[in-house]
Amino acid sequence: MATTSKYIPEPRTLAIVGCPFSGGQPRAGVDKGPIDLVRAGLIEQLERLGWNVRFDGHHQFEEFQALNDPPIGILKNPRLVSGVTKELARVIANHVKNGRLPVTLGGDHSLAMGTISGTLSAYPDACVIWIDAHADINTVESTESGNIHGMPVSFLLGIGEKVDVFSWCKPVLKPERLVYIGLRDVDAGEKRILKENKIKAFSMHEVDKYGIGKVVEMALDHVNPNRDRPIHLSFDVDALDPSVAPSTGTPVRGGLTFREGHFICEEICETGCLVAMDLMEVNPSLADLQSVEQTVAVGCSLIRSSLGEALL
């Protein structure tokens, strides 16, 4: 690993946090993603990069699965999602505060409510780089589906109507500390929310216009101008074009290429500021075996690129 970490002490240790969880959205199978990523040899791959890797098995969250969980308004599985993400926040906070870099394998993107809460409890000045086809910033008022995997950012920002079961999730994220790359399927309500809160977002239009190198530079300049602020990277594989990562729940054509996705991870790694990473929404049940293997391999590769693997 050529890049020196500014926050993770030597000998560098990362924690694989497997979260086979699908409660934030309706499609079965996304809970299998973490299991397939680990089976594909991710731990050994990261050890070869020089990391000490800690993996204590997948978090199954059985205690929350049996909850009586009728909708709250339009929100689906609210108590389940709240319980799991609150527990995950505790797990991530423990790793970060003990000098480990947590790599959370999802599962659906509602989990970021927990992972980012955990990171910011230890690094309140951290910034969040969110790589996704979707903004995931719907509020209680704006959501049309009630699927909470489309809402975690609004809870982290503290915008929209409050929901008692999510009272544990504090507004720890400031709009100026958040930047998006790869957006291309954004609800009308979300567009309004992004504008009202002056949140910096680079859609695929900007990637096409400026190239990925300039976009990443502008994104980092916005949230981390001196390259000295801790970074939480939250990467949804549907940011990639479906030709690259087909096995995901909400694929949208016209996404990032293989190299564009990896370039983002490589550049964030080069800052030496990465303190936590999410790799979300790999769903092995939604494609043929070859497409599943391709998507899992890409997921492992993105994580390796974020943690020090270089082309030369």
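This is a predicted model: local features need pLDDT of at least 70, side-chain atom pairs count only at pLDDT 80 or more; totals for chains, interfaces and linings use all residues.
How many nonpolar, polar and charged residues form the lining of the largest cavity?

**View A. The largest cavity and its lining.** The lining of the largest cavity comprises eight nonpolar residues, six polar residues and one charged residue. A search of the whole structure returns one cavity of 30 Å³ or more. The space in the largest cavity amounts to about 120 Å³. It is lined by 15 residues, and those closest to its centre are S5, R12, W51, C269 and S306.

View B. Helix 11 covers residues 289-306. Of the 18 residues, 13 are buried, so helix 11 is largely enclosed by the rest of the structure. D288 caps the N-terminal end of helix 11, with a side-chain oxygen 3.1 Å from the backbone nitrogen of Q290. Following helix 11 is G308, which has a positive phi, near 120°.

**View C. The largest pocket.** The largest pocket holds about 270 Å³ of space. Its lining consists of 17 residues, with H134, N138, H149, G150 and D187 nearest the centre. By class, one of the lining residues is nonpolar, eight are polar and eight are charged.

View D. An unreviewed UniProt entry assigns the feature "binding site" to H109, D132, H134, D136, D236 and D238. These positions span 130 residues in sequence, yet no two of their C-alpha atoms are more than 12.3 Å apart, so they gather at one spot. Among them, H134, D136, D236 and D238 belong to the lining of the largest pocket. H134 is located in the loop that runs between strand 4 (127-131) and helix 6 (152-157). With a relative accessible area of 13%, under the 20% cut-off, H134 is classed as buried.

**View E. The second largest pocket.** The volume of the second largest pocket is about 190 Å³. Sixteen residues line the second largest pocket, and F155, K162, V163, F166 and C169 lie nearest its centre. Its lining contains seven nonpolar, five polar and four charged residues.

Conventions: Residues are numbered from 1 along each chain as its sequence is written. Side-chain values use heavy atoms; hydrogens and water are left out. On a 1 Å grid over the protein atoms alone, a cavity is a set of points where a 1.4 Å probe fits but cannot get out, and a pocket is an open set with protein on both sides within 12 Å along at least five of seven lines; lining residues have an atom within 4 Å of a point. Grid points are joined across faces, edges and corners, and a volume is the space filled by probe spheres set on the points. Ala, Val, Leu, Ile, Met, Phe, Trp, Tyr, Cys and Pro count as nonpolar, Asp, Glu, Lys and Arg as charged, and the others, Gly among them, as polar. Helices (H or I, at least four residues) and strands (E, at least two) are DSSP runs, numbered from the N terminus. The expected span of a helix is 1.5 Å times one less than its number of residues. Buried means under 20% relative accessible area, exposed over 50%, partly exposed in between (1.4 Å probe, protein chains only). A polar contact is a pair of N or O atoms within 3.5 Å; within protein, one must be able to donate a hydrogen and the other to accept it, and residues adjacent in sequence count only if both atoms are side-chain atoms. UniProt positions are given in the numbering used here, feature names are shortened, and annotations may be inferred rather than shown by experiment.
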